[in-house]
Amino acid sequence: MTDAAQTANDVPPADAIAPDHDLFSKFDPLIAEREALLATGVRDPFAIVMDKVESPTQAIIQGRRTILLGTYNYMGMTFDPDVIAAGKRALDEFGAGTTGSRVLNGTYQGHRECEDALKEFYGTEHAMVFSTGYQANLGMISTLAGKGEYIILDADSHASIYDGCWLGNAEIVRFRHNSVEDLDKRLGRLPVGPGKLVVLEGVYSMLGDIAPLKEMVAVAKKHGCMVLVDEAHGMGFFGEHGRGVFEEAGVAADVDFVVGTFSKSVGTVGGFCVSNHPKFEVLRLVCRPYVFTASLPPSVVATAAASIRKLMDAGDKREHLWKNSRRLHQGLRDLGFTLGTPTAQSAIIAVMLPDQNVTVRMWQALLELGLYVNMARPPATPAGTYLLRCSLCAEHSDEQVGEILDIFAKAGHAVGCIPASA
Ligand SMILES: Cc1ncc(COP(=O)(O)O)c(C=O)c1O
């Protein structure tokens with residue numbers, strides 16, 4: 001018997017572990033809930049496999065041609081020929097990966113070129129590329145606010161913002177979602193001396209609602225705070241240059257840090273922070289999620305840079321995306337669905353449903369008719385909120401938007417969640 005086999009034989013079988021010592025016991029309620037749901041015959045909404053992806057808006061799922069309406073691929077850059085060519089060139093010239101941290105062997109000229117593209121896109125002095133948007137929030141938030149300082153965040157913030165708070169040592173203060181009044185009240189209760197970071201998102205991705213950034217940034221500045229805005233879902237199509245909701249709100253001069261991701265409008269993977277703070281570059285030495293992880297592969301930063309440069313001149317795409325979003329919002333409302341926002345505030349349209357059962361049945365009915373959307377439930381959504389999240393793409397054709405509405409009508413009638421007359 002080999003040493004490895006001996007070791008494997010020494011591990012007790014799972015059923016020999018006393019339940020009170022099994023670290024997995026805490027997941028039993030979740031396992032039971034999932035098993036009960038799948039026993040009803042529905043497909044697992046969190047185990048979809050794309051067998052083939054044909055375009056930013058179309059894939060083959062279980063042998064069926066399916067329209068994609070849940071990808072965050074807002075600007076449809078994943079199949080842009082110039083973006084793909086840039087990635088292939090970098091793969092040939094620089095290899096498959098860097099095998100190193102940005103501060104050791106992992107900064108190639110492509111990483112610098114990507115940061116230059118971001119600086120140009122945002123008109124800032126500094127840009128720092130992280131391996132994901134998740135890590136950008138983790139790194140920026142945990143590093144900027146330290147012991148004895150404060151982070152003030154919206155209660156509905158993305159998980160990466162919460163995790164950034166938990167990774168650091170600052171005091172955490174939450175305010176009611178999108179409430180300028182509550183932000184003001186809570187800031188007013190804090191001591192004047194310590195540093196404070198207010199963290200906001202341009203677009204909140206569950207309901208697709210946008211933050212009242214003009215008012216919120218003014219309140220944050222009145223109380224002497226620094227401001228970080230996550231534009232994960234705003235980059236590409238808000239504001240004159242597509243920088244995000246903060247640009248459209250006219251508050252660029254008062255926003256200290258903008259965090260973003262390459263996994264949505266940019267169409268690849270990666271994260272970033274841009275800023276004009278004169279001491280920004282020191283973060284490359286002290287920000288742990290930047291230092292202690294491998295950098296993005298050369299092909300990825302090359303695709304990101306090519307995509308960002310093209311997004312600087314994407315007025316037609318932006319216009320088409322907004323047209324699609326408004327048409328889908330209006331069409332779903334006319335069918336009788338309850339939506340997350342009264343009008344289309346972003347390219348995310350959330351269809352609100354009463355409970356998990358109806359939501360999964362509706363999700364499956366849409367999929368069987370050839371439409372993929374995201375299903376979202378707590379803890380990703382606020383407590384008790386079940387929804388189907390639709391995100392539009394600038395590459396959805398007018399015909400596809402029409403087809404999407406027809407599919408929603410058929411599925412809604414089949415499941416019984418819209419009036420029969422609609
Ligand atoms: C608001 C927000 N911030 C950050 C992220 C993380 O981005 P990434 O996918 O690059 O990790 C997401 C991703 O869903 C997000 O929605």
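The structure is a predicted model, in which local features need pLDDT of at least 70 and side-chain atom pairs count only at pLDDT 80 or more, whereas totals for chains, interfaces and linings use all residues. Residues are numbered from 1 along each chain as its sequence is written.

The ligand is surrounded by 13 residues, of which Thr132, Gly133, Tyr134, Ala232 and Thr261 are the closest; a residue is near a molecule or strand if its C-beta atom, placed from the backbone, lies within 6 Å of it. The most is given to this shell by helix H5 (residues 133-144), with three residues. Helices (H or I, at least four residues) and strands (E, at least two) are DSSP runs, numbered from the N terminus.

The chain is divided into domain 1 (46-75 + 315-415) and domain 2 (81-311), with bounds that come from an automatic or database domain assignment. The C-alpha centres of domain 1 and domain 2 lie 27 Å apart. To their contact, domain 1 contributes 18 residues and domain 2 contributes 16 residues; two residues are in contact if their C-beta atoms, placed from the backbone, lie within 7 Å. On the side of domain 1 that touches domain 2, helix H13 (315-335) and strand S14 (348-353) each supply at least two residues, and S14 gives the most, with three residues. This side of domain 1 consists of 11 nonpolar, six polar and one charged residues.

Helix packing was then examined. Helix H3 (residues 81-94) and helix H12 (residues 298-311) pack at an angle of about 150 degrees, with axes 7 Å apart. Axes are lines fitted to C-alpha atoms, for helices over the stretch in contact, and angles run from 0 to 180 degrees between N-to-C directions. H3 and H12 are therefore roughly antiparallel to each other; angles under 35 degrees count as roughly parallel, over 145 as roughly antiparallel, 65 to 115 as roughly perpendicular and the rest as oblique. The crossing of H3 and H12 is right-handed, a crossing being left-handed if the near helix is turned anticlockwise from the far one by less than a right angle, and right-handed if clockwise. Residues of H3 including Asp82, Val83 and Phe94 meet residues of H12, among them Pro298, Ser299 and Lys310. The contact of H3 with H12 holds eight nonpolar, four polar and three charged residues.

H12 also packs with helix H4 (residues 109-122), their axes coming within 8 Å and crossing at roughly 20 degrees. H4 and H12 are therefore roughly parallel to each other, and their crossing is left-handed. Among the residues making this contact are Gly110, His111 and Phe121 of H4, and Pro298, Val301 and Leu311 of H12. By class, the contact of H4 with H12 has 11 nonpolar, two polar and two charged residues.

Helix H14 (residues 356-368) packs with helix H15 (residues 398-415) at an angle of about 135 degrees, with their axes 9 Å apart. That angle makes H14 oblique to H15, and the crossing of H14 with H15 is right-handed. Val358, Arg361, Met362, Ala365 and Leu366 of H14 form the contact with Ile407, Ala411, Ala414 and Val415 of H15. The contact of H14 with H15 has eight nonpolar, no polar and one charged residues.

Terms used
Ala, Val, Leu, Ile, Met, Phe, Trp, Tyr, Cys and Pro count as nonpolar, Asp, Glu, Lys and Arg as charged, and the others, Gly among them, as polar.
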